[in-house]
Amino acid sequence: MPATPSSSSASTGSRKSRLAPLWQRWWRRQGTTRQDWLSVLAPLMSILVFLAVITSAFAYLRVEEINRTQERVNRDVEYAQQRLRLRLFEQREQLLQLARDTDNGVTPPPEFIGRAKLLISQYPELESIRWIDDQQRLQAAYVTPGARQAPHHAAGAMGPPAPASSGAAAADRPHGNEPLEPKFSLSTADGNPAKTLQLRIPLFNQNRRSGVVLGEFSMDRVLRYGIPSEIQARYALSLRDSKNRLLAGEPDLPPRWYGPLELLVRKPRTFELPVSLMGNALLVRAQTFQTSPGLINSALFLLVAALSLLTVWMLAANWRHTQRRQQTQRALVAETNFRRAMENSLLTGVRVLDLTGCITYVNAAFSRMTGWDADDLVGCMPPYPYWPDGMHELMSAHLENELQGTPVSGGLQALIKRKNGTVFNARLYTSPLIDAHGQQSGWMASITDITEPMRIRQQLSASQERFTAVLEAIDAAISVAPIGSAELLFANRLYRQWFGADTAGHLSLVAQAGTPSATQHNVSNETHDPVDALAGLPQAPLTDTQPANNEIFITPLGRWLEVRSRYLTWVDGRLAQMVIATDITARHNAEEQAAAQAERAQAASRLMTVGEMASSVAHELNQPLTAIVNYCNGMISRIRSRSIEPPALVAALEKTIKQTQRAGQVIERIRSFVKRSELNRYASDTSAIVSEAIELAGIELRRRNVRLTHEVAAQLPPLMVDPILIEQVLVNLLRNAAEAIDMAQRPSGQRRVLLRVQPITVQGQEAIEFSVQDTGHGLAPEVTERLFEAFFSTKPNGMGMGLNLCRSIVESHLGRMQAQNLYNGQQRVGCCFSFWIPVQNTVDSPREGAKVLV
C-alpha cells in the first residue's frame, strides 16, 4: 500500500532522530562542538567562494581579451596580405604591358630603359628591370642607384640564370595564341634566404620563345610600401619563405617569463598568411608587441584578494585560540579512544567481577567469543549465562576459589557455552583488579579460546603415533643416538630384536661401516640416495665427516646388512646420528649367483666362438706347419746329398723357427682368449686391445674373403677395463659383420668391414667409441627391437647369447652399446654396431677389490 503523508513524515522524523545522536557522538569524538566548527567554516567557505568567483571572472575576461586580440591580429594580417597582393598584382600588370610592347617590337631598348625608369620611380620596391633575349644576353636594363650592381647588369652581358621553376614553366608553355604566364619567384644565393623577389615574364615571337623581361623587387621595400603604415605601427611584421626563414622585417620577439604574474601578462600573438600570387612560397607574418604585466587593470582583484587573505589570517588566529583551549579535551579523548581501541583489538576475552561476583565489564573479544552482548552479561550474578548446563556446581566451586583469592595456578581449563548452545574449550587466568587508590575492587579474568591448539595437539599426537607405527613396521633396523653419549634416543622393533635396547649395536654398526672416501660417497649417493647425506649438520662441527653407506656382514646374526648413517638435530637441539641397517642377505646371494652365471656364460661364449672358428684356426695353423715340414724335408735332402753349407742351413733353420713361432702365437692367442681366469681390470692400452682382436678375428675374416680396414686414433688414453672381455666384444662384432656380408653374398669389391676407434664426449664426460661397420643387408625393423634380447638370434644355428653378453660386458664397464642401419637413399647398405666406454672409469671400478672368476 502507498505510504500516507502522515506515515512518510513520521518515518523521516524517526530517521532524523536516529541520525542526530550519531552526529553528536562524532562531534564529541572530534573534541569540538558543532557551533565552533560552523563559526569557523562558514566565513571561510564564504571567502573561498568569493575568491573563486573573482578568479573565474578575471580568467573569463582574460580569455575574452586574448580572443579579441587574436581576432584583431588575424583581421589586420588578412588586410595587409590583401593590400600587398593587390600592389604586386598592379606591378605585374605594368611589367606585363611593358613585356607585350617589347615582344611586339613597339618598344626599342632606349625606350625600354625610359619606361623601366618611370616604373621604378612609381614603385620604389622595384630595384631593376631587365630585358634578356633567348640567348641569355642582356638587351636593356635599368637598375636603381642604390641596388647592388651585378655583372649581368651591363648591356650585352649574360643574364642571370633562371630559377628551376622558371625554366620548367617555360618548357611547359603550350603553343598557340595563349596569354603570357608571368611568374613570381624568390632568388637564392648559396642556399641562403632570398633577399629579392623576381618577376619573370617570358617573351614569345610566333610561338617561339624570344626572351624574358625580369623585374627584381627588394623584400624590405615590398614590406615597407606594400603594407599600410597603421598596421606596421601596431605589429612586428615580417616576410618569410616556406621554410619559415626571415626574408624581410623584424624577427619574432623572444619569450619572457614573469613568474607568478604569468597569467597577468599580455603575451604577443602571432598570425601569418601566404601571398596568393606565389602559393605558399611567401608568407606575411604579424606579431603583437609584448607589453608589461597589467597590474594596474587588476588592482581591484588584488585589493579584494588582499582583504580576503587578511580575513583568513584573522580566522586562523581565532582557530589557533580555539585549538589551545580544547587541547586538554582532545588529549583526554585521544587517550580514551586509544584504550578503547586496544580493548576492542584484543583477541583475548576480558571479564571483570566485583568483590561480590557481579560482572561489571566484558570486552568486545569476550562478546565475540561467547556470542553474548555486554548488555546481556553486565550486572549478572552466578550462575552466569555462559556456564554449560550440568556443570554449574563445578563452575561455582571454581568461582568460590577465585573470589577467595586462591585461583588455580597456571590457569583454569574449562568449557564455555556460547549463546547458540555450543561449547568450546577455554583457559582462564585470574588476577586481582587494583583501582587508582591502590585498593582491590574486583577480579579480572582473561579468557583464551584453546580449541584450535587442542585440535593441533591431538593431530600431532596422532601423527606421532602413526609415524612410530610406520617406523616399527619398517623392514630395517633404525636407531638414533647422540654424538658422544651412550644414550639411545630411538630404536624401532627390528633393532631391539637384533641388538637389544642399548647403544652397543648402534656403535658396532658405525664402527664396522667406517667412514668411506669421497669417491665412494659420490657413488653411493648416485646409486642409493640422491638426498644430501649431511643435511641438518651444523656448519662448525664435523665438517669433514662423511656419511657411511657400506655393506657389512654381522657374524652373530649371519646376515649381510647395508648400513646408512645420517646426522640430524634432535628435538632437544642435540646433534645425533641416525643409523639404518637393511638386511640384504638375499640380494647379496642373488648377486653372487648372477655374477657366477654371467662368468660361466661368458666363458661358454668364448669357447663357442673358438669352436665356430675351428676350421679357420686349422687353416691358419696348417700354413706354418706345412712350411715347417717343407723346410725340414729340404734340409734333410740337402744334408744327405751334402750340398748345403752351414750358412744356408742356419737360414733354413731360422725360417723354420719363425714358422714355429707363428703357429705358437696363434695357439697362445686362442688359449688366452678361452682361458678361465679371475676378472682383472687394469689400465689397458686401447691400441693393444684392438690389435689383439684384429689378429684373432682376422682368421675368420680371411676365410670368408672379407677385407678389414681399421682406423684407430692416435694417443688414446688408457682404459681401466678387462682387456680379454673387450677383445671378446670386438671379436664377436667383427665375426658378426663378416657373417652378415657372407649372407648378403656381396661381390669381392664390396666385402669389407670398417673398425673405427676414436675419442668422443658423452653427456659432458670423455669416452672412447668403438664402431664396426659392415656392407650386409642391415637389420630389419622387427629384428632391431629384439636385437639384444637373450636367446634371440637370426642365425639358423645361433643361441642368441652373443650380443646379449656383449652388451652386458659393455654396461658392466659403465658404457653403452647401440646398433643402427646404414642407408644409401632409401636402400639399406649395411649396419653399424658401436659402443663406448667412459675414460673416467679408469680410476674406479663398480666394486673395489671384487674378485670374480671368468
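Modeller: Two strands count as paired if DSSP finds at least two bridges between them. The model is a predicted one. In it, five strands make up an open sheet, in the order E21-E23-E24-E26-E25, and their pairing is mixed. Strand E21 (707-712) and strand E25 (816-824) are the edges; each has a single partner strand, so one side of each has no neighbour in the sheet. From one strand to the next, the twist averages 20°.

Inside the sheet, strand E24 (residues 765-774) and strand E26 (residues 827-838) run antiparallel and are joined by eight bridges. In this pair, Asp774 stands opposite Cys831 in E26. Helix H20 (residues 723-744) packs on the sheet and touches E21, E23, E24, E25 and E26. The direction of H20 makes about 30° with that of E24. Helix H19 (residues 686-703) lies across E21, strand E23 (752-762) and E24, and runs at about 175° to E21.

Now the charged side chains. Side chains of opposite charge can pair when their charged atoms come close. The count of salt bridges comes to 23. A network of them links Arg704, Arg735, Glu739, Asp742 and Arg751.

Elsewhere, Glu216 forms a salt bridge with Arg130, with the closest N and O atoms 2.8 Å apart. This pair links distant parts of the chain, since Glu216 is in strand E5 (residues 209-218) and Arg130 in strand E1, 86 residues apart. Both Glu216 and Arg130 are buried. Arg130 also takes part in a polar contact of 3.1 Å between its side chain and that of Ser128. Ser128 is in strand E1 (residues 126-133) and is buried, because its relative accessible area is 1%, under the 20% limit. Beyond its neighbours within four places in sequence, Ser128 is in contact with residues including Tyr142, Leu214 and Glu216.

Another salt bridge joins the side chains of Arg115 and Asp101, at 2.6 Å from N to O. Arg115 lies in helix H3 (residues 109-122) and Asp101 in helix H2 (residues 34-103), so the pair ties together parts that are 14 residues apart in sequence. Arg115 is partly exposed at 25% relative accessible area, whereas Asp101 is buried at 15%. The side chains of Arg245 and Asp241 also meet in a salt bridge, at 2.8 Å from N to O. Here Arg245 is partly exposed, with a relative accessible area of 27%, and Asp241 is buried, at 5%.

Methods. Residues are numbered from 1 along each chain as its sequence is written. This is a predicted model: local features need pLDDT of at least 70, side-chain atom pairs count only at pLDDT 80 or more; totals for chains, interfaces and linings use all residues. Side-chain values use heavy atoms; hydrogens and water are left out. Helices (H or I, at least four residues) and strands (E, at least two) are DSSP runs, numbered from the N terminus. Axes are lines fitted to C-alpha atoms, for helices over the stretch in contact, and angles run from 0 to 180 degrees between N-to-C directions. Contact means heavy atoms within 4.5 Å. Buried means under 20% relative accessible area, exposed over 50%, partly exposed in between (1.4 Å probe, protein chains only). A polar contact is a pair of N or O atoms within 3.5 Å; within protein, one must be able to donate a hydrogen and the other to accept it, and residues adjacent in sequence count only if both atoms are side-chain atoms. A salt bridge is a side-chain nitrogen of Lys or Arg within 4 Å of a carboxyl oxygen of Asp or Glu.
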